[in-house]
Amino acid sequence: FIPTVGPYLLPKIIPQLKEQFPDLELFLHEAQTHQLVRQLEEGRLDCLVLASVAETEPFKELDLYNEPMSVAVPCDHEWAERDEIDMLELNGKTVLALGDGHCLRDQALGFCFAAGARDDERFKATSLETLRNMVAAGGGITLLPALSVPAEKKRDGVCYVRASNPQPSRRIVLVYRPGSPLRNRFEQLAESISELV
């Protein structure tokens with residue numbers, strides 16, 4: 001799992017997977033995409049759950065879910081009470097982002113740059129929780145993926161606003177090596193995860 005998926009997805013799926021597949025022994029590993037892909041190539045990991053990126057194209061990808069992103073702003077921000085933000089409103093704004101190596105950094109910034117926003121070069125977060133805390137402290141605005149966003153519109157000093165035109169999102173997939181004899185098991189696992197999410 002990548003760090004922007006694992007902490008949010010695992011609590012939603014592990015109890016049900018253990019119940020559904022009682023004989024399945026899970027060995028869970030969290031790392032950035034390039035590290036996971038290398039370990040999959042080397043045969044040290046069986047499958048990956050991550051966002052679909054160019055690095056995963058040589059492998060078999062099974063779609064799990066499409067994850068929209070919301071704009072996270074401090075609760076005293078001018079957009080805090082809004083229900084929706086047109087991405088073009090980010091034009092000229094500076095956004096907080098994850099550090100290099102996180103695929104979510106490139107994906108989120110891709111949407112922000114297309115809207116005319118800039119990356120805050122003075123700050124690079126190592127986790128979504130650091131990003132969230134920086135927003136709460138009034139340090140800026142950012143995009144956060146749906147599974148990391150609480151059900152409430154406001155929590156702990158952060159307000160979450162739906163983004164549109166376009167709605168930023170990422171495709172979460174289960175990836176494995178072509179020709180793997182475990183293909184049927186991966187397909188069952190992917191189907192279960194999709195249903196749970």
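This is a predicted model: local features need pLDDT of at least 70, side-chain atom pairs count only at pLDDT 80 or more; totals for chains, interfaces and linings use all residues.
Q: Which helix holds both E129 and R132?
A: The two residues are 3 residues apart, about one turn of the helix. An α-helix has 3.6 residues a turn, so residues three or four places apart point the same way. The helix that holds E129 and R132 spans residues 128-136 and is α4.

Q: How wide is the arc that the buried residues of α4 cover around the axis?
A: The buried residues in α4 are L128, L131, R132 and V135. They lie on the same side of α4, because the arc they cover around the axis is only 100 degrees.

Q: Which residue with a positive phi follows α4?
A: The helix α4 spans residues 128-136. The residue with positive phi that follows α4 has a value near 85 degrees, and this residue is G138.

Q: Is E67, which pairs with R170 in a salt bridge, buried or exposed?
A: The side chains of E67 and R170 meet at 2.9 Å, N to O. This pair links distant parts of the chain, with E67 in strand β2 (residues 60-74) and R170 in strand β9 (residues 169-176), 103 residues apart. R170 has 2% relative accessibility and so counts as buried. E67 stands at 3% relative accessibility, and therefore it too counts as buried.

Q: What is the relative accessible area of E81, whose side chain meets that of K154 in a salt bridge?
A: The salt bridge between E81 and K154 has an N to O distance of 2.7 Å. It links distant parts of the chain, 73 residues apart, with E81 in the loop between β2 and β3 (84-86) and K154 in strand β7 (residues 154-155). K154 counts as partly exposed, at 39% relative accessibility. E81 is exposed, and its relative accessible area is 57%.

Q: Which element gives the most residues to the lining of the largest pocket?
A: The largest pocket holds about 680 Å³ of space and is lined by 28 residues, with L24, L26, D46, C47 and L189 nearest its centre. The elements giving two or more residues to this lining are α1 (6-20), β1 (47-51) and α5 (183-196). The element with the highest contribution, 5 residues, is α5.

Q: How many residues of the lining of the largest cavity come from α3?
A: The largest cavity contains about 70 Å³ of space, and its lining includes L104, R105, A108, L109 and C112. At least two lining residues each come from β4 (94-98), α3 (103-114) and β6 (142-145). By class the lining has 10 nonpolar, 1 polar and 1 charged residues. The largest share of this lining comes from α3, which supplies 5 residues.

Q: How many charged residues are in the lining of the second largest cavity?
A: The second largest cavity has a volume of about 40 Å³, and I2, P3, T4, Q32, T33, G101, H102, C103 and L104 line this cavity. By class, its lining has 4 nonpolar and 5 polar residues, and the number of charged residues is none.

Notes. Residues are numbered from 1 along each chain as its sequence is written. Side-chain values use heavy atoms; hydrogens and water are left out. On a 1 Å grid over the protein atoms alone, a cavity is a set of points where a 1.4 Å probe fits but cannot get out, and a pocket is an open set with protein on both sides within 12 Å along at least five of seven lines; lining residues have an atom within 4 Å of a point. Grid points are joined across faces, edges and corners, and a volume is the space filled by probe spheres set on the points. Helices (H or I, at least four residues) and strands (E, at least two) are DSSP runs, numbered from the N terminus. A salt bridge is a side-chain nitrogen of Lys or Arg within 4 Å of a carboxyl oxygen of Asp or Glu. Buried means under 20% relative accessible area, exposed over 50%, partly exposed in between (1.4 Å probe, protein chains only). The arc is that of the directions from the helix axis to the C-beta atoms. Ala, Val, Leu, Ile, Met, Phe, Trp, Tyr, Cys and Pro count as nonpolar, Asp, Glu, Lys and Arg as charged, and the others, Gly among them, as polar.
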